[in-house]
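Hi everyone, thanks for coming along.

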Amino acid sequence: MTHARVFSPADFRAGVAGMLPAAFALVPFGLVCGVAAAGVGASPAEMLGLSAIVFSGAAQILATQLYAVGAPVAVIVVGCFVIGLRLAMYSAAMAPQVAALPVRWQRLLAFLLTDQAFAAAIRRFEGSDDKRPAASHFLGGGVVLWGGWQLTNAAGYFVGNAIPASWSLDFAVPLCFIALLAPLLRERAAIAAALTAAVVVVLLAALPMRLNIVVAGLVGIAVGAWVATAHARRKAAR
């Protein structure tokens with residue numbers, strides 16, 4: 001397939017329209033990410049680079065928090081990698097769907113892959129043997145999400161810099177993490193993972209370079225996976 005033959009303006013516009021509600025829903029989160037970047041003293045270029053390249057609210061919040069406490073770059077990168085592991089599952093599901101597309105399309109859609117984009121795209125890809133309309137629809141939705149994310153991050157950043165330093169914006173980062181975590185604590189595996197990570201991060205606080213955060217994340221993931229597997233086996237045995 002060539003680039004010209006893949007792109008469909010009608011499907012692109014449909015993707016844009018379909019993703020607008022999700023883009024508006026992300027506005028508060030984008031503002032918080034921008035405020036958090038301002039709170040740790042990031043420059044406008046650093047803020048835009050983080051939001052444009054990383055393009056992940058959870059990873060951006062984690063990166064700003066680790067940066068604020070002086071963690072080495074390697075620890076920040078590993079931490080963001082761990083928090084983004086779910087995207088590997090999305091990629092595995094999407095890979096066979098985009099295999100027939102040109103490589104540049106595959107790379108572009110991979111960059112735009114998010115929770116919202118995956119949820120909207122996977123059924124379209126699986127519902128037709130012709131992947132071109134779904135690819136254009138995915139592109140439209142991804143462009144809306146990415147563009148809106150840059151605007152809201154920038155707005156949050158400049159609002160954050162306008163707030164007096166005496167107000168202290170440090171509270172924004174942990175509050176955002178709590179807002180992300182609380183809705184997930186409904187199943188045993190998630191609760192076990194969170195509690196394990198909380199205990200480990202405190203017990204290993206003496207580790208250098210804030211490695212306790214990365215280790216706690218990995219141990220929490222392992223415990224959560226073990227609890228989920230054990231629960232599934234018990235249900236299957238009934």
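Let me begin with one term. When I say that two aromatic rings pair, I mean rings of Phe, Tyr or Trp whose centres lie within 6.5 Å; planes over 60 degrees apart count as edge-to-face, and planes under 30 degrees apart as stacked. Please also keep in mind that this is a predicted model.

With that in hand, how many aromatic pairs does the structure hold? There are six aromatic pairs. I'll show you two of those. Start with F125 and F138: their ring centres are 6.4 Å apart and their planes stand at 65°, so this pair is edge-to-face. Now look at where the two partners sit. F125 belongs to helix 9, residues 115-126, while F138 belongs to helix 10, residues 132-162. The two are 13 residues apart, and the pair links distant parts of the chain. Are these two buried or exposed? F125 has a relative accessible area of 0%, so F125 is buried. F138 has 4% relative accessibility and therefore counts as buried as well.

The other pair is Y157 with F158. Here the ring centres are 5.2 Å apart and the planes meet at 85°, so again we call the pair edge-to-face. Y157 is buried, with a relative accessible area of 4%. Remember Y157, please, as that name will come back.

Let's zoom out to the whole chain. What is it built from? The answer is 13 helices and zero strands, so the pattern along the sequence is α-α-α-α-α-α-α-α-α-α-α-α-α. The chain has 238 residues, and 37% of those are buried. Take the contacts between residues at least 6 apart in sequence: 79% of them join residues at least 24 apart.

How confident is the predictor? The mean pLDDT over the chain is 85, and 88% of the residues score at least 70. Which elements have the lowest and the highest mean pLDDT? The lowest is helix 11, residues 172-181, at 59, and the highest is helix 8, residues 103-111, at 94.

Next, empty space. Rolling a probe the size of a water molecule over the atoms shows where such space is left. Searching the whole structure turns up one cavity of 30 Å³ or more. The largest cavity has a volume of about 40 Å³. Its lining is made of G15, M19, A117, A120, A121, H137, F138 and G141. Helix 2 (9-25), helix 9 and helix 10 are the elements that give two or more residues to that lining.

Helix 4, helix 5 and helix 6 (73-83) each supply at least two lining residues. Which helix gives the largest share? That is helix 5, with five residues.

Now stay with helix 4 (44-54) and helix 5 (57-68), and look at the loop between them, where you will find F55. Phi of F55 is near 50°, a positive value in a residue other than glycine. F55 is buried, at 9% relative accessibility. S56 lies in that loop too, and at 14% relative accessibility S56 also counts as buried. Leaving aside neighbours within four places in sequence, S56 is in contact with R86 and W149.

V27 and W149 are 122 residues apart along the chain, yet their C-alpha atoms are separated by 7.5 Å. V27 has a relative accessible area of 27%, between the 20% and 50% limits, so V27 is partly exposed.

Last stop: M47, in helix 4. M47 is buried, at 2% relative accessible area. What does M47 touch beyond residues up to four places away in sequence? The partners are A37, A42, N153, A154 and Y157, and there is Y157 again, from the pair with F158. M47 and N153 are 106 residues apart in sequence, with their C-alpha atoms 7.8 Å apart in space.

Methods. Residues numbered from 1 in each chain as written. Predicted model: local features only at pLDDT ≥ 70, side-chain atom pairs only at ≥ 80, totals over all residues. Heavy atoms only, no water. Helix = DSSP H or I, 4+ residues; strand = E, 2+ residues; numbered from the N terminus. Buried < 20%, exposed > 50% of the residue type's maximum accessible area, 1.4 Å probe, protein only. Contact = heavy atoms within 4.5 Å. pLDDT = per-residue confidence, 0-100. 1 Å grid on protein atoms, 1.4 Å probe; cavity = no way out; pocket = protein on both sides within 12 Å on 5 of 7 lines; lining within 4 Å. Points joined across faces, edges and corners; volume = space filled by probe spheres on them.
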